[in-house]
Amino acid sequence: MKRVLLLAVLLAPGSSAIAQNTPAGMTPAEAKKAEAYFHFSMARVLDQEQAFDDSIKEYRKALEVTPNDAEIYSAMARTYLNQRNREEASKAAQKSVELNPNNLGAHRLLGDIHIATIQSLQNSRQQATPAAFKETLDKAIHEFEEIVRIDPTGREGYLMLGQLYRINDNPNKAAEIYKKFLGIEPSSEDGVIALAGLSMESNHNAEAIDLLNDFLKKQPASDRALETLGDAYTSLGDTTGAADAYKRAAALNDDPDLRE
């Protein structure tokens, strides 16, 4: 809390002057921006101190000065999420993307919220209605499509979007997004295993084997890829190929399950 008090001492005189009149040498627009920045800065420090209620108040004061600032809404949404208030976090993040459709932080936050909701629905003792689950899934897909659009080099966005397409029973789109990701990051173990797993789910085991063998020529020490290769050979009925892949994986990873 000492940092909060120090910041208040340093900035409060300037803020008071801004609130009462326009300081010399500042236009009214510049004065408003400075006042909003003061409250925003106070909120960020309060966030670090986990004083989330006070932080929200500062964000709201900033928004009274600059009501159409997407960054303030985005930061406030993260604070609401830290309070475990998903509803208000979602509202603030949604307002942020309405003001700025390219606000990556707000889209990521909305994506995180929808993923958490999907996980809650999957783990709930009371099974969610298909309509409610589908609605949340569609929202999550939309957010990660936006994340990939805004940040086309971000690995997490592609991998999560592919997984969401798989859950949504859309293997073609999942394969498309995994292949696009591997075009950007061809050495990605996660990407290759995800695409191979998708091929195996579609009973295209030979295709998965070719993909994994090609990857293993470049990354022979990938025990996860070798284990997946063993699974693909097993599904194809090739026990010799499976045993060899599992043996190679076990040599890299002393896992009792692999040895068995």
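The exercises below, each with a worked solution, go through a predicted model of one protein chain.

Residues are numbered from 1 along each chain as its sequence is written.

**Exercise 1. State how many helices and strands the chain has, and what share of its residues is buried.**

Step 1. Helices (H or I, at least four residues) and strands (E, at least two) are DSSP runs, numbered from the N terminus. The chain has 14 helices and zero strands.

Step 2. Buried means under 20% relative accessible area, exposed over 50%, and partly exposed in between (1.4 Å probe, protein chains only). Of the 260 residues, 40% count as buried.

Step 3. Contact means heavy atoms within 4.5 Å. Among contacts between residues at least 6 apart in sequence, 46% join residues at least 24 apart.

**Exercise 2. Describe the largest nonpolar core and find the contacts of Leu-161.**

Step 1. A nonpolar core is a set of buried Ala, Val, Leu, Ile, Met, Phe, Trp, Tyr and Cys residues joined through side-chain atoms within 4.5 Å. The largest one has 39 residues, and those with the most contacts inside it are Leu-161, Leu-164, Tyr-178 and Leu-229.

Step 2. Among the elements that give two or more residues to this core are helix 6 (104-123), helix 7 (130-150) and helix 13 (239-252).

Step 3. Leaving aside neighbours within four places in sequence, Leu-161 is in contact with Ile-141, Phe-144, Glu-145, Val-148 and Ile-177.

Step 4. A second, separate core has 20 residues, including Ala-43, Ala-62, Ala-89 and Ala-93.

**Exercise 3. Work out which residues of helix 11 are buried and which are exposed on the other side.**

Step 1. Helix 11 has 14 residues and reaches 20 Å from its first C-alpha to its last. This is close to the expected 20 Å, the expected span being 1.5 Å times one less than the number of residues.

Step 2. Buried in helix 11 are Asn-205, Ala-208, Ile-209, Leu-212, Phe-215 and Leu-216. They cover an arc (of the directions from the helix axis to the C-beta atoms) of only 135° around the axis, so they lie on the same side of helix 11.

Step 3. Asp-210, Lys-217 and Lys-218 are exposed on the other side of helix 11.

Step 4. The cover over the buried residues of helix 11 includes helix 10 and helix 12.

**Exercise 4. Count the aromatic pairs and classify the one formed by Tyr-158 and Phe-181.**

Step 1. Rings of Phe, Tyr and Trp (its six-membered ring) pair if their centres lie within 6.5 Å; planes under 30 degrees apart count as stacked, over 60 as edge-to-face and the rest as tilted. The count comes to two aromatic pairs.

Step 2. The ring centres of Tyr-158 and Phe-181 are 5.7 Å apart and the planes are at 25°, so this pair is stacked.

Step 3. Tyr-158 is in helix 8 and Phe-181 in helix 9, 23 residues apart.

Step 4. Tyr-158 is buried at 1% relative accessibility, and Phe-181 is buried at 1% as well.

**Exercise 5. Locate Gln-50 and Asp-169, and decide whether each is buried or exposed.**

Step 1. Most residues other than glycine have a negative phi. Gln-50 has a positive phi of about 60°, and Asp-169 also has a positive phi of about 60°.

Step 2. Gln-50 is in the loop between helix 2 (28-48) and helix 3 (52-65); Asp-169 is in the loop between helix 8 and helix 9.

Step 3. Gln-50 is exposed, with a relative accessible area of 61%. Asp-169 is exposed at 67% relative accessibility.

Definitions and conventions
This is a predicted model: local features need pLDDT of at least 70, side-chain atom pairs count only at pLDDT 80 or more; totals for chains, interfaces and linings use all residues. Side-chain values use heavy atoms; hydrogens and water are left out.
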